[in-house]
Amino acid sequence: MTGRVDVVSIFPDYLAPLELSLVGKARTRGLVDIAVHDLRDWTTDRHRTVDDTPFGGGAGMVMRPDVWGEALDTVLAPEAGERVLLVPTPAGQPFTQRTAEELAGVLEAGGQLVVACGRYEGIDARVAEHYATREGVQVREVSIGDYVLNGGEVAALVVIEAVVRLLPGVLGNAASVVEESHGSDGLLEHPAYTQPPSWRGLEVPDVLRSGDHGRVARWRRARAVERTARVRPDLLAAHPAAVRAARPADAEVLAEVAGATFALACPPDMPAADIEEFVATHLSVERFRAYLKDRRRWLLLAEVAGAVVGYTMCVAGEPEDPDVAAAVPDRPTAELSKCYVLPEHHRSGVAAALMTATLDAARERGLPGIWLGVNGRNERAKRFYAKHGFARVGDRTFAVGGRRECDDVMYRTL
Ligand code: SAM
């Protein structure tokens with residue numbers, strides 16, 4: 001069944017783009033009927049007046065309900081099944097991909113979408129109120145964003161394009177709408193690349209040319225989650241962090257996250273070469289494979305929307321450093337050796353969830369307490385550990401690249 005869209009406006013020419021591109025093609029292929037109407041055709045006076053001054057005073061003009069009433073009584077098609085009267089207004093509900101999907105469902109079922117384009121200060125409020133009481137008519141006042149346009153025509157184009165592209169047969173590849181931003185998982189899409197592989201000194205990421213579908217899928221997921229966290233953290237509210245024990249198959253992703261986070265906790269003046277060397281030596285895929293096999297260690301990872309965004313690693317056993325051994329009060333003990341979260345997920349609750357699960361796992365092992373070393377100048381990390389019950393019990397010094405560094409040793413009773 002073909003659905004129909006009717007647009008009513010005082011500037012019908014503004015809607016000419018509906019003849020173009022995919023929407024235009026959808027019309028000629030009979031996938032949707034679209035008609036544009038001039039509101040002034042329903043005026044009765046010589047000047048074809050559609051507006052008047054607002055009751056109560058104030059700036060601007062308001063569109064008259066009697067003219068709109070005549071227009072909508074004609075355009076709302078009683079023979080269509082479900083009818084939606086869509087009134088664009090900056091004071092409406094946000095128009096989202098979910099709204100587009102619902103409206104596409106109406107058209108797919110042979111229903112009708114009527115878009116009433118306001119101008120001036122908008123349409124007399126009684127119009128929406130009146131049609132909301134009409135049987136079979138659903139009124140939706142929607143805003144396409146938090147800004148004010150001069151009229152509803154641009155909003156109508158936005159809504160119609162977003163809706164029509166979801167109708168079956170409109171897009172060449174139906175998978176396109178599944179993999180996009182604002183899809184069912186509510187994430188932004190990963191970045192996309194095409195030929196040439198090298199352009200103005202910028203390279204396509206190697207993984208995309210590896211032919212390894214599993215790695216490509218994981219990389220894309222990670223980039224989608226990272227971009228969403230950075231640009232639209234509000235969208236991640238529906239994806240709380242899930243913490244689980246790391247498995248042997250996680251070595252690669254752990255090495256990636258470790259490589260991306262290690263520098264965050266280093267002293268600000270630590271040379272990049274020292275950081276790189278540490279990452280290559282201690283945080284490689286091979287090292288993580290070995291850590292995951294080591295029975296003295298346990299590794300937990302935090303996932304957001306299916307992407308790994310942080311991890312902890314604990315090592316049970318007697319502290320090697322005599323200063324630490326003297327400072328840690330109880331035995332047996334374990335070190336919380338790594339606790340890292342990707343920067344875009346800081347202050348989102350991920351680190352707290354990881355820490356809670358890590359302490360629970362230490363308790364399950366029957367440990368009376370757990371210790372950690374944190375760079376003395378890393379105030380942010382020290383505050384985080386203090387919030388989770390760690391207190392300073394001593395310090396340890398060690399050499400990095402020929403310089404002496406000092407860690408606070410912190411302990412938490414379990
Ligand atoms: N007085 C209205 C207010 O402050 O809410 C603004 C009216 S606006 C100047 C004129 C028309 O532009 C509206 O009736 C509506 O059709 C359209 N419009 C403006 N901004 C819009 C937005 N963000 N979303 C949808 N429609 C919008």
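This is a predicted model: local features need pLDDT of at least 70, side-chain atom pairs count only at pLDDT 80 or more; totals for chains, interfaces and linings use all residues.

Biologist: Start with the domains. Which bounds does the domain assignment give?
Modeller: The assignment gives domain 1 as 3-179, domain 2 as 192-237 and domain 3 as 240-413.

Biologist: What separates the centres of domain 1 and domain 3?
Modeller: Taken over C-alpha atoms, those centres are 56 Å apart.

Biologist: Now packing. At what angle do the axes of helix 3 and helix 5 cross?
Modeller: Helix 3, residues 97-108, crosses helix 5 at roughly 70°, and their axes come within 8 Å. That makes helix 3 roughly perpendicular to helix 5.

Biologist: Left-handed or right-handed?
Modeller: The crossing of helix 3 with helix 5 is right-handed.

Biologist: And which residues make the contact?
Modeller: From helix 3, Ala 100, Leu 103, Ala 104 and Leu 107; from helix 5, Val 159, Ala 162 and Val 163. By class, the contact of helix 3 with helix 5 has seven nonpolar residues, no polar ones and no charged ones.

Biologist: What about helix 7 and helix 9, at what angle do they pack?
Modeller: Helix 7 covers residues 251-261 and helix 9 covers residues 285-293; they pack at about 120°, with axes 8 Å apart.

Biologist: Why call that oblique?
Modeller: Angles of 65 to 115 degrees count as roughly perpendicular and those over 145 as roughly antiparallel. At about 120°, helix 7 and helix 9 are therefore oblique to each other. Their crossing is right-handed.

Biologist: Which residues meet there?
Modeller: Ala 251, Glu 252, Leu 254, Ala 255 and Ala 258 of helix 7 meet Val 285, Phe 288, Arg 289 and Leu 292 of helix 9. The residues of this contact divide into seven nonpolar, two charged and no polar.

Biologist: Changing topic. Where is His 346 found?
Modeller: His 346 sits in the loop between strand 13, residues 334-341, and helix 11, residues 350-364.

Biologist: Which backbone oxygen does the side chain of His 346 reach?
Modeller: That of Val 341, at 2.9 Å. Setting aside neighbours within four places in sequence, His 346 is in contact with Leu 264, Val 341 and Arg 380.

Biologist: On to the backbone. Is the peptide bond from Gln 195 to Pro 196 cis or trans?
Modeller: The bond is cis, with omega near -5°. Pro 196 lies in the loop between helix 5, residues 153-164, and strand 8, residues 198-199.

Biologist: And what joins Arg 331 and Pro 332?
Modeller: A cis peptide bond, with omega about -10°. Pro 332 is in the loop between helix 10, residues 322-327, and strand 13.

Biologist: Last one. What is the phi of Ser 21?
Modeller: Ser 21 has a positive phi of about 55°, although it is not a glycine. Ser 21 is placed in helix 1, residues 21-28.

Terms used
Residues are numbered from 1 along each chain as its sequence is written. Side-chain values use heavy atoms; hydrogens and water are left out. Axes are lines fitted to C-alpha atoms, for helices over the stretch in contact, and angles run from 0 to 180 degrees between N-to-C directions. Helices (H or I, at least four residues) and strands (E, at least two) are DSSP runs, numbered from the N terminus. Angles under 35 degrees count as roughly parallel, over 145 as roughly antiparallel, 65 to 115 as roughly perpendicular and the rest as oblique. A crossing is left-handed if the near helix is turned anticlockwise from the far one by less than a right angle, and right-handed if clockwise. Contact means heavy atoms within 4.5 Å. Ala, Val, Leu, Ile, Met, Phe, Trp, Tyr, Cys and Pro count as nonpolar, Asp, Glu, Lys and Arg as charged, and the others, Gly among them, as polar. Domain bounds come from an automatic or database domain assignment. A polar contact is a pair of N or O atoms within 3.5 Å; within protein, one must be able to donate a hydrogen and the other to accept it, and residues adjacent in sequence count only if both atoms are side-chain atoms.
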